[in-house]
Amino acid sequence: MAPLRILVAGVGNPLRGDDAAGPMAIERLQARMPQASCPGVEYMVSGGETGELLGRLEACDAAILIDACVSGAEAGTIHEFDVAAGPLPQRLGGFSSHGFGVHEALELARALGQLPARCRVLAIDAQRDTHGAPVSAAVEAAVDAVVDRVRRQLQCWCTRPVTQPGVSGGSRGP
Amino acid sequence: MTASDPGTRTISVNYMARVEGEGALKVVVRNGAVERAELRIFESPRFFEALLRGRPSAEAPDVTARICGICPVAYQMSAVHAIERALGVHVDGPLRALRRLLYCGEWIESHALHVYMLHAPDFLGYAGAIDMARDHADVVRRGLELKKAGNAIVALLGGREIHPINVRVGGFYRVPRVGELRKLVEPLQRARETALEAVRWVAGFEYPDAERDYVFVALRHPDEYPFNEGRIVASHGLDIDVADYERHFEELHVARSNALHSRLIGGGDYLVGPLARYSLNADRLGGLAREAAAAAGLGRECRNPFRSIIVRAVEIVQACDEALRIIADYRMPEQAAVPVEMAAGSGCAATEAPRGLLYHRYALKPDGTIAEARIVPPTAQNQASIEADLFAHVGRWLDLDEDALRERCEQAVRNYDPCISCATHFLKLEIDRG
């Protein structure tokens, strides 16, 4: 049986402080997650361009998107959403400056019937998006916690088909 | 809508969607007549020209590509042509054709994004592409497919879809093999059919009567629809070499905008972009695009900015057709770039970005380091024209209800597919009816 095609995308700009959370999570996942344990996984770092994300979402059976967000919660707070069950909440701002970003990619995919049946978003509250700034300690710690969650989720998807629970959110990470 | 007193009416849109960058619009109406229409651009200046000073000229195409994620190729093309002119380098044959092909890719992706995702929702009464996709999924899928065909060209020739990295002064870092280009043929043939369908589709939209007597400015080439080269011509008779651009056009700082306003010296506002390009070059379109334009009811010229969506669709046909022709004729060159020797000099170039004429000028030191850079993007040149459109037309739209009027004004701005980020270097709309 062909392995489940799973997309894990880290969205953000590595050069803008905590907006690097998504790309940093991908880097750590690739280092800590042996490919053989989950052969259908494809990692991607994305600037958040809608068309590119849309194309990748259409081509997979399951997806996890990791992004920085500005919800007003404390920096490093992790939010997890089952976006296959419904749209992201409006309160989650983002760092997309173009009006077309992760939310638009997910909703266009949904409207076009291209959203994978399993699709989750993990968002980490950012403290700063200053050009050239390093990732803050609170966000870096949250990235590690997100990496652990994604690893568990991938192992779960790769070993047995499961029905995903609904939205859980607001836990402080790690 | 808010009312501060019974005599004053103000419509404000704090965040206008489907434009690139941040700006605001204020329209002042007194006794049924428009007194003032001001486009305010508060997108932060990005200092690209200053950033280029002291950098090797070889970096200019990669640095300037970062000005825009939608039209990076335009910045690369104007940069390399200007620097090549400064250094007396001439790029011809297959390398020139490949640059033209790369530009076709950018036009297809940029125009498809605007036609399908940003502009069409205005005509069909949707808040945006996502709402439109719920009712017209097939249409949106077609638009995305079309965009993908353009992206594929840019990815192959440019090394990646956004902010390409394969363009250099003198040519490319790597040129494709014939077989690599041939893989683009089938998707481009489908894209050309989709583009023809797009022309028929948008031709059926309802358009407000909004003609204006523009001064159109665009490149014109002896036998090509313009991308990379040509003389700068205008509808009032101007016909100049690009080297004379700064003798005829000037930039002014106006307090309300972080982007410089352009105007014709001794004249006024002018318009660059698809309407200008088409109106000055309709006779240079290929047969297929020309037939599609005629069937869509476009005359020899088009002075209604709302109908720019038709012109963009025609230009997608042209770009797909041209791309297929270039691929069919392609022979892989022996060298990916012509030799370039650094020297002191000064050179300028203008190319046709999807949004219109994009002018670059560079002064180089003897080792090729950039001593001075000047960049005049299309949206900066069109700011005054956007204001003039609103000044001319809002008076006739005052019987629309507040929401419809606001929407119409936003649409009048979106007609330009403005890239405010490029121009500064989004849109809050305020209508004060007195």
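Among contacts in chain A between residues at least 6 apart in sequence, 82% join residues at least 24 apart.

Visitor: What sort of model is this, and what ipTM and pTM does the predictor give the complex?
Guide: This is a predicted model. The predictor assigns the complex an ipTM of 0.79 and a pTM of 0.88.

Visitor: Staying with chain A, how many helices and strands does it have?
Guide: Chain A contains four helices and six strands. Along the sequence they follow the pattern β-α-β-α-β-β-α-β-α-β.

Visitor: What percentage of chain A counts as buried?
Guide: Of its 174 residues, 46% count as buried.

Visitor: And what is the mean pLDDT of chain A?
Guide: The mean pLDDT of chain A is 84, and 85% of its residues reach 70 or more. Over residues 94-98 of chain A the pLDDT stays under 50, and the model has 12 contacts beyond four places in sequence for that stretch. Residues 162-174 of chain A also stay under 50, with 32 such contacts in the model.

Visitor: What about chain B: what does its pLDDT average?
Guide: Chain B averages a pLDDT of 90, and 91% of the residues score at least 70. Residues 1-9 of chain B remain under 50, and the model gives them 12 contacts beyond four places in sequence. The pLDDT is also below 50 over residues 11-17 of chain B, a stretch with 24 contacts beyond near neighbours in sequence.

Visitor: What follows H6 in chain B, say around B:His163?
Guide: B:His163 is in the loop between H6 and E5 of chain B. Its phi is near 50 degrees, a positive value in a residue other than glycine.

Visitor: Why does B:His163 count as partly exposed rather than buried?
Guide: B:His163 counts as partly exposed because it has 19 C-beta neighbours inside 10 Å, whereas a buried residue needs 20 or more.

Visitor: Where does B:Ile165 lie?
Guide: B:Ile165 lies in the loop between helix H6 (137-158) and strand E5 (167-168) of chain B. B:Ile165 is partly exposed, with 14 other C-beta atoms within 10 Å. Leaving aside neighbours within four places in sequence, B:Ile165 is in contact with B:Asp62, B:Gly158, B:Gly159 and B:Arg160.

Visitor: How is chain B divided into domains?
Guide: Chain B is divided into domain 1 (2-44 + 383-432) and domain 2 (48-381). The C-alpha centres of the two domains lie 26 Å apart.

Visitor: Which residues does B:Ile316 touch?
Guide: Not counting residues up to four places away in sequence, B:Ile316 touches B:Trp107, B:Ile108, B:His111, B:Ala112, B:Leu146, B:Ala195 and B:Ala198.

Visitor: One more helix. Which residues of H11 in chain B are buried?
Guide: In helix H11 (residues 287-295) of chain B, B:Ala289, B:Ala292 and B:Ala293 are buried. They are on the same side of H11(B) because they cover an arc of only 100 degrees around the axis.

Visitor: What covers the buried residues of H11(B)?
Guide: The cover includes helix H8 (185-203) and helix H12 (308-329) of chain B.

Key. Residues are numbered from 1 along each chain as its sequence is written. Chains are lettered from A and ligands numbered from 1 in the order in which they are written. This is a predicted model: local features need pLDDT of at least 70, side-chain atom pairs count only at pLDDT 80 or more; totals for chains, interfaces and linings use all residues. pLDDT is the predictor's confidence in each residue, from 0 to 100. Two residues are in contact if their C-beta atoms, placed from the backbone, lie within 7 Å. Helices (H or I, at least four residues) and strands (E, at least two) are DSSP runs, numbered from the N terminus. A residue is buried if 20 or more other C-beta atoms lie within 10 Å of its own, exposed if 12 or fewer, and partly exposed in between; C-beta atoms are placed from the backbone. The arc is that of the directions from the helix axis to the C-beta atoms. Domain bounds come from an automatic or database domain assignment.
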